[in-house]
Amino acid sequence: MWRASGWAGVLLASASLLGQGSAAAQEATASQAGIVKVLQGDVRAERSGKTRPLATGERLYAGDRVLTGAASAVGFTLRDDTLISLGSNSQFLLEQFAYNDKTDEGSVAVRLTKGTLRYVSGLIGKRSPESQRLSTPTATIGIRGTDFIVEVAGE
């Protein structure tokens, strides 16, 4: 059951990422999935087997695992303007993210293994709702709506 207290510190702002001027910046953004917009408490990212603390403004990539501690929360925006919030004691994996900003086509797959998640669809969901997927330890959800909350209870 979702409890509002786990979300009290997180306010998501829907904002587009800034455009890029150079070829190198465009290449970096092409593989970038999103950016951390708000953060409270102990939030870490795991990439390539290495865990590090996250901060506001940091980039997220497909394959990143995000972990929140007690009394912690994070909100991030994907490149298609999808908004994702995680509550305290959450374990989340951005399994797959592909997005073409010229056609607004792409796909997103996320996995929540523990904790709470709020998901607000962006351009991928508006253009092709069947191209979004959320997995939990006991179910896979084909996302057709635009805004929902999921909680996976710990052991």
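The following questions and answers concern a predicted model of a protein chain.

Visitor: Which residue is the bridge partner of Val66 in E8?
Guide: Strand E5 covers residues 65–68, and strand E8 covers residues 91–100. These strands run antiparallel and are joined by three bridges. The partner of Val66 in E8 is Phe92.

Visitor: Which residue in E9 is the bridge partner of Gln91?
Guide: Strand E8 is also joined to strand E9, which spans residues 105–120. Nine bridges link E8 and E9, and the two strands run antiparallel. In E9, the partner of Gln91 is Lys114.

Visitor: Which residue in the turn between E8 and E9 has a positive phi?
Guide: E8 and E9 form a hairpin, with four residues between them. In this turn, a positive phi of about 60° belongs to Asp104.

Visitor: What percentage of the residues of the chain count as buried?
Guide: The chain has 155 residues. A residue counts as buried when its relative accessible area is under 20%. By this cut-off, the buried share of the chain is 39%.

Visitor: What share of the contacts between residues at least 6 apart in sequence joins residues at least 24 apart?
Guide: A contact requires heavy atoms within 4.5 Å. Among contacts in the chain between residues at least 6 apart, the share that joins residues at least 24 apart is 55%.

Notes:
Residues numbered from 1 in each chain as written. Predicted model: local features only at pLDDT ≥ 70, side-chain atom pairs only at ≥ 80, totals over all residues. Heavy atoms only, no water. Pairing = 2+ DSSP bridges. Buried < 20%, exposed > 50% of the residue type's maximum accessible area, 1.4 Å probe, protein only.
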